[in-house]
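Work through the exercises below with the sequence and the model open. Each task is followed by its solution.

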Amino acid sequence: MGSKNKLKRFKENATFDNVFQPTREEVVSGSFPLKGKWNKEFFKNDHPLVLELGCGKGEYSVGLANRYPEKNFIGIDIKGARFWRGAKTAVDSSMNNVAFLRTQIELIENCFAEGEVDEIWITFPDPQIKYKRTKHRMTNSEFLQRYKKILKHDGLMNLKTDSEFMHGYTLGLLHGQGHEVIYANHNVYKNEGAPDVVTAIQTFYESQYLEQDKAITYIQFKIK
C-alpha cells in the first residue's frame, strides 16, 4: 500500500464515527473515556460485547456484526490503514453494531473495564514461531490473563488460524494450564462439526489459504 493511500485512509478514518484512535499516552494514563462505557456511550444498548483482536481489514468483525445484529462488535488493530476497509463498509452499510479501535493488544486492559467483554475472537494472528518471539504470541499465558480481566466470568475465547504451530501451541498451553477447551478442530472445512460461524465468514487471506489447500483450525475455550 502506497504512503499516499495510507494517508488518505488515515484521514478518512478520522471522519468515521465508528473509529476510535486514542493516543498511547491517553490509553496508558487511564484516561480513555470509553473504558467501561462502550455499550452505554457508543452502542447505546446493553447487548453482549464481542472483540476481534488483530482484526486486520475488519472483514471478520463486519461479518460477525452482520450475522449477529443482537450483539456489539469491536475490531482492534494497531494498523488503522488496514481496518479502514471494515470501518468504511460498516459506515456505507449504516451498521450500528460494529466499531474499530486503533491500539496495541497489550494495552487492552486500559481500554475495557473488568468484566465488560462477553467474547473474544483472535483470527489468523502472526504465530511468532521463533522461541524468542513467544512473548508476542497472542495466546501466551500473559495475554490470556489480560483477556481474563476484561472478560465476564463465563466469557468465551475463539482462535481461528491457518497455523498448525499456533493451533498446537495454544491447545497444549490450554490443557497444560487447566483451561477449559470447549471445542477444537484442526481442519474446520474438512472435518464435520465445526460451528457455522467458523466456516460462514471468510477473510480475504483465508480464501487464499483455502485455494492453497491449507487447513484452517479453530479452538473455543474459557480461561480459568
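**Exercise 1.** Find the residues in contact with Val-19, leaving aside its neighbours within four places in sequence.

Solution. The model is predicted. Start from strand S1, residues 19-20, where Val-19 is found. Leaving aside neighbours within four places in sequence, the contacts of Val-19 are Asn-13, Phe-83, Ala-87 and Phe-100. Next, take C-alpha distances: Ala-99 is 80 residues from Val-19 in sequence, but 5.9 Å from it in space.

**Exercise 2.** Decide whether Val-19 is buried or exposed.

Solution. Buried means under 20% relative accessible area. The relative accessibility of Val-19 is 10%, so Val-19 counts as buried.

**Exercise 3.** Check the span of helix H5 (residues 80-92), then describe the helix.

Solution. The expected span is 1.5 Å times one less than the number of residues. At Gly-86 the helix bends by about 25 degrees. Gly-86 is also among the buried residues of H5, which include Phe-83 and Ala-87. After H5 comes Ser-94, with a positive phi near 55 degrees.

**Exercise 4.** Which residues touch the most other members of the largest nonpolar core?

Solution. This core has 36 residues, and those touching the most other members are Trp-38, Leu-51, Leu-53, Ile-74, Phe-112, Ile-120 and Tyr-147. Take Trp-38: beyond four places in sequence, its contacts include Phe-20, Phe-43, Ile-74, Phe-112 and Glu-116. Another core, of 26 residues, lies apart from the largest one; Cys-55, Ala-90, Phe-100 and Ala-194 are among its members.

Technical notes
Residues numbered from 1 in each chain as written. Predicted model: local features only at pLDDT ≥ 70, side-chain atom pairs only at ≥ 80, totals over all residues. Heavy atoms only, no water. Helix = DSSP H or I, 4+ residues; strand = E, 2+ residues; numbered from the N terminus. Buried < 20%, exposed > 50% of the residue type's maximum accessible area, 1.4 Å probe, protein only. Contact = heavy atoms within 4.5 Å. Bend = angle between axes of the 7 residues up to and from the residue. Core = buried A, V, L, I, M, F, W, Y, C linked by side-chain atoms within 4.5 Å.
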